[in-house]
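Hi everyone, thanks for coming. I'd like to walk you through one model this morning, so let me put it up on the screen.

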Amino acid sequence: MHERVFGEAEVAESDLVTRRGTFRAVAFRADGHEHLALVLGRVRLRADVLVRVHSECMTGDIFGALRCECGEQLDAAMDAVVREGSGVLVYLRGHEGRGIGLVEKVRTHVLQDERGLDTIDSATELGLPVDVRDYRPAALVLRHLRVRSVRLLSNNPDKIQALEDNGIPVTARVPLLMAPNEHNLGYLTAKRDRLGHDLPQVAGHQDLLRAVDG
Ligand SMILES: [Zn+2]
């Protein structure tokens with residue numbers, strides 16, 4: 001008998017045919033939100049499974065906003081899993097604006113646009129925390145899927161720590177580097193310089209955009 005992670009009422013799964021192929025869709029409830037894991041191929045009892053733990057960003061993921069790189073990362077992560085032939089994409093709800101919620105996130109956009117504050121200062125100016133995302137639901141579903149260890153598609157060292165703290169071994173970090181654009185360069189620079197994300201592609205683009213500006 002293996003560990004039962006979710007009660008029967010808290011999880012449901014079915015095949016999901018997408019334009020990228022057929023995934024197993026595992027919907028589950030954890031910590032007051034409903035989340036989704038998309039599973040490709042066989043991952044059960046496997047080590048070094050390619051995994052993306054993606055924080056919900058409605059503006060970027062659904063509407064293709066260019067002020068962050070979330071939508072592009074989501075696409076790139078799905079493509080990477082398909083290239084690999086197996087893997088898991090965990091889509092975590094309740095993670096808007098690093099956990100402050102959609103309305104507050106949009107409020108931070110006002111401060112960014114009108115006063116030039118960055119993604120961190122615009123949150124603290126509103127009395128909001130900079131990052132309150134909880135990765136426990138991702139760890140739960142990976143346990144439910146009986147994944148032994150993961151190679152994590154992420155630029156964020158904190159995310160590795162969070163998964164390991166929740167009992168999921170991370171054997172490697174696989175960078176997910178998106179080319180910056182003029183709308184998200186400041187955002188990416190703040191994430192690199194102030195939140196410790198590993199974004200080596202940003203430096204080159206700063207020079208490039210400066211050159212274009214003349
Ligand atoms: Zn975003």
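Let's start at Gly97. Setting aside its neighbours within four places in sequence, Gly97 is in contact with Glu104, Lys105 and Thr108; contact here means that the C-beta atoms of two residues, placed from the backbone, lie within 7 Å. Before I go on, two housekeeping points. This is a predicted model, where local features need pLDDT of at least 70, side-chain atom pairs count only at pLDDT 80 or more, and totals for chains, interfaces and linings use all residues. Residues are numbered from 1 along each chain as its sequence is written.

Back to Gly97, which sits in helix H3, residues 96-99. Helices (H or I, at least four residues) and strands (E, at least two) are DSSP runs, numbered from the N terminus. Gly97 is buried, because 28 other C-beta atoms lie within 10 Å. The cut-offs go like this: 20 or more other C-beta atoms within 10 Å of a residue's own makes it buried, 12 or fewer makes it exposed, and in between it is partly exposed, with C-beta atoms placed from the backbone.

Gly97 also turns up in a record. UniProt, in an unreviewed entry, lists residues under "binding site", including Arg52, Ser55, Gln73, Gly97 and Lys159. The listed residues span 108 residues in sequence and their farthest two C-alpha atoms are 22.6 Å apart, so they do not all gather at one spot. UniProt positions are given in the numbering used here, feature names are shortened, and annotations may be inferred rather than shown by experiment.

Ser55 is in strand E4 and counts as buried, with 25 C-beta neighbours inside 10 Å. Leaving out neighbours within four places in sequence, Ser55 is in contact with Leu92, His95 and Arg133.

Does the span of H2 agree or disagree with 1.5 Å a residue? It agrees: the 15 residues, 70-84, should span 21 Å, and the end C-alpha atoms are 21 Å apart. The expected span is 1.5 Å times one less than the number of residues.

Which residues of H2 are buried? They are Cys70, Gln73, Leu74, Ala77, Met78 and Val81. Seen down the axis of H2, they fall within an arc of 135 degrees, so they line one face of the helix; the arc is that of the directions from the helix axis to the C-beta atoms. An α-helix has 3.6 residues a turn, so residues three or four places apart point the same way. The buried residues of H2 pack against strands E3, E4, E5 and E6 and helix H1. Turned away from that side are the exposed residues Asp79 and Arg83. After H2 comes Gly85, with a positive phi near 90 degrees.

Now the strands, which pair if DSSP finds at least two bridges between them. E1 (11-18) and E2 (21-30) run antiparallel, joined by 8 bridges, and a hairpin links them through 2 residues. E2 and E3 are also antiparallel, with 7 bridges. Ala25 is the bridge partner of Ser14 and also of Leu38 in E3. The E2-E3 hairpin has 2 residues between its strands, and Asp31 in the turn has a positive phi of about 55 degrees.

Last stop: Leu140, in helix H6. Its C-alpha atom is 8.3 Å from that of Ala30, 110 residues away along the chain. Thanks, happy to chat!
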